[in-house]
Structures are given as C-alpha cells and as structure tokens.
Amino acid sequence: IMTMELMILMIMMMELMIMTIMTMMILTMELLIMTIMTMTMTILTMELMIMTIMTMTMMIMTMELMILMIMTMELMILMILMILTMELMIMMIMTILTMESMIMTMEMMILTMELKIMTMMILTMELMIMTIMTMTMM
C-alpha cells in the first residue's frame with residue numbers, strides 16, 4: 001500500500017510539474033502575442049504620424065498657393081495704380097492746356113480792349129481838332 005501511495009504521490013508530483021510547465025508556456029505565448037500586438041500598435045501610430053505629417057505638408061502647400069495668388073493679385077492692383085497715376089498725369093496736362101487756352105483768350109480780350117481804347121482816343125483827338133478848327137474858323 002505504501003508503495004502504491006508513493007507511486008500515486010509521484011504521479012501527482014509529475015502532474016503538478018506538467019501543469020506548471022504548461023502554464024508557463026501559455027504565459028510566454030501570451031507575452032509574445034502581447035509584444036507583437038504592441039509592435040503593431042506602434043507601427044500603426046507611426047503610420048498615423050506620417051499621415052498627419054503628409055496632411056500638414058499638403059496644408060502648407062495650399063497655403064503657399066494662396067500666398068502666390070495673393071501676390072499676383074497685388075501685382076494686378078499695382079498695375080491698376082500705375083494706370084491711374086498715368087490718367088492723373090494726362091488730366092494734369094489737359095488742365096494745363098485749358099489754362100493756356102484761357103490765358104490766350106484773356107490776352108486776346110486785352111488786346112481788343114487796347115485797340116478799342118486806341119480808336120476811342122484817336123476819335124476824341126479828331127473831335128478835338130475839329131472843334132479847334134471850327135473855333136478858329138469862327
């Protein structure tokens with residue numbers, strides 16, 4: 001009986017050993033799976049990071065395009081301003097010309113006035129002479 005019990009004990013011990021080894025193996029397997037999972041997760045996060053960086057670069061590119069558009073717009077506005085200044089210059093010249101014409105007309109008027117005065121003076125002189133002559137005749 002004692003031997004039998006010993007045998008049973010031995011078997012029990014063996015079972016325990018097997019059980020422990022099995023559990024250990026399962027645990028290691030689980031650890032491996034866990035590590036693989038974490039690795040995949042890190043890779044996924046990395047991919048996400050790359051994606052975000054790509055989107056960021058795209059955003060920056062669009063911004064640059066916008067800035068270029070604005071620059072072209074500015075150039076257009078500058079051109080318009082140039083044209084406006086040119087127009088102003090032409091307007092100034094036109095005003096100067098009109099002023100000149102006005103001065104010319106004024107000069108003409110003064111000249112005519114002078115002529116009138118001269119004629120009037122001559123006429124008065126003639127009248128005076130006439131009167132003197134008549135007086136002398138008398």
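The secondary structure of the chain amounts to one helix and zero strands. Both element types are DSSP runs, numbered from the N terminus: helices are H or I with at least four residues, strands are E with at least two. Helix α1 covers residues 2–137.

This is a predicted model, in which local features need pLDDT of at least 70, side-chain atom pairs count only at pLDDT 80 or more, and totals for chains, interfaces and linings use all residues. Residues are numbered from 1 along each chain as its sequence is written, and side-chain values use heavy atoms, with hydrogens and water left out.

**Overall dimensions**

The C-alpha trace spans about 200 × 15 × 5 Å along its principal axes. The radius of gyration of the chain is 59 Å, whereas a compact globule of 138 residues would have one near 14 Å. That radius is taken over C-alpha atoms, and the globule rule is 2.2 Å times the number of residues to the power 0.38.

Two C-alpha pairs give distances along the chain.

| C-alpha pair | Residues apart along the chain | Separation |
|---|---|---|
| T55 and L27 | 28 residues | 42 Å |
| L48 and I90 | 42 residues | 63 Å |

**Exposure**

Buried residues make up 0% of the 138 residues. Buried means under 20% relative accessible area, exposed over 50%, and partly exposed in between (1.4 Å probe, protein chains only). The accessible surface of the chain is about 14,300 Å². Carbon and sulfur atoms hold 90% of that surface. Areas come from the Shrake-Rupley method with a 1.4 Å probe; for residues, only the protein chains shown count as cover.

T55 lies in helix α1. T55 counts as partly exposed because its relative accessible area is 47%. L48 is also placed in helix α1. At 57% relative accessible area, L48 is exposed.

**Nonpolar patch**

M73, L75, I77, L78, I80, L81 and L84 form a nonpolar surface patch. Together they have about 700 Å² of accessible area. Patch residues have over 30% relative accessible area and no salt bridge; like charges are joined within 9 Å, nonpolar side chains (Val, Leu, Ile, Met, Phe, Trp, Tyr) within 5 Å. A salt bridge is a side-chain nitrogen of Lys or Arg within 4 Å of a carboxyl oxygen of Asp or Glu. L75, one of the patch residues, counts as exposed because its relative accessibility is 55%.
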